[in-house]
Amino acid sequence: MFLDCIDELMIDNDDDDDDDDDDFFEEEYTEDETELYVGDGAGGGGISLAGTWWDKEALLLAEDVCQSFGGDLGIYAFKTLSNSSIQVRIERLTNKSGSPSMEDIEAFSVSYRAKLDEAELARSVAENITLEVSSPGVERVVRIPQDLDRFKDRSLYVKYVTEVADSGKLSEADGVFRLVSFDMETKCCIWGLADVRINREKAGKGRPLSKKQREWRLETSFDSLRLVRLYSEI
């Protein structure tokens, strides 16, 4: 689904010829978010514990490992499974992208594995725990509001709810935007259209964003944002 008012904006383009009308909807933005939600302990970040007798201890050990890196690394997502598995996604807190290097992932894995082995001998965690450590991913979920400043220059996929003028009912909408500004006091964001292919093609193949597209703005409250994540054209 792509926001209807944005489609109307793209069509009402003074620079476009009538012959290009069929090109506006050649490719709609489709989003596959199977099992992805904020705080799922995986792609959506956050902590998700299976409720086993050992998972809280495992989380504490992971947090201790992060502290041993002097504030360079943090836990983006942590998930335990009932089959004695742990999945951790770490982020580098000292760079703007938040992406850890392969060396970061390896160093964290070695240190955490050692902690788990010690805890296993002490019988404070389950035996034979499987550990998987990775990065947040290219299209990581942006946490609201704490990640807004970090990723304000990136193209973002945004899913949000808006009130329908006639009925007052809430309707879900989405788009690929750039963050123009945000206000921590009013808890609101101002968005513009991102300069990405899916938006440019609304104005016609091979054309840049029109003036009307560049000037278009959307205001949302933090509470209305259902999902914000990095958008990649690759």
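I started with the buried residues of H3 and listed Asp104, Ile105, Phe108, Ser109, Tyr112, Leu116 and Ala119; buried means under 20% relative accessible area, exposed over 50%, partly exposed in between (1.4 Å probe, protein chains only). Seen down the axis of H3, these buried residues fall within an arc of 120°, so they line one face of the helix; the arc is that of the directions from the helix axis to the C-beta atoms.

A note on what I'm working with: this is a predicted model, where local features need pLDDT of at least 70 and side-chain atom pairs count only at pLDDT 80 or more, while totals for chains, interfaces and linings use all residues. Residues are numbered from 1 along each chain as its sequence is written, and side-chain values use heavy atoms, with hydrogens and water left out.

What do the buried residues of H3 pack against? I found helix H2 (55-67) and strands E2 (73-81), E3 (85-92) and E4 (130-134). Helices (H or I, at least four residues) and strands (E, at least two) are DSSP runs, numbered from the N terminus.

On the face turned away from the buried side of H3, I noted exposed Glu103, Glu106, Val110, Glu118 and Leu121.

Next I checked Arg92, which sits in strand E3. Its side chain makes a polar contact of 2.8 Å with the side chain of Asp104, and Arg92 also has a side-chain polar contact with Thr94 (2.8 Å). A polar contact is a pair of N or O atoms within 3.5 Å; within protein, one must be able to donate a hydrogen and the other to accept it, and residues adjacent in sequence count only if both atoms are side-chain atoms.

Terms used:
Contact means heavy atoms within 4.5 Å.
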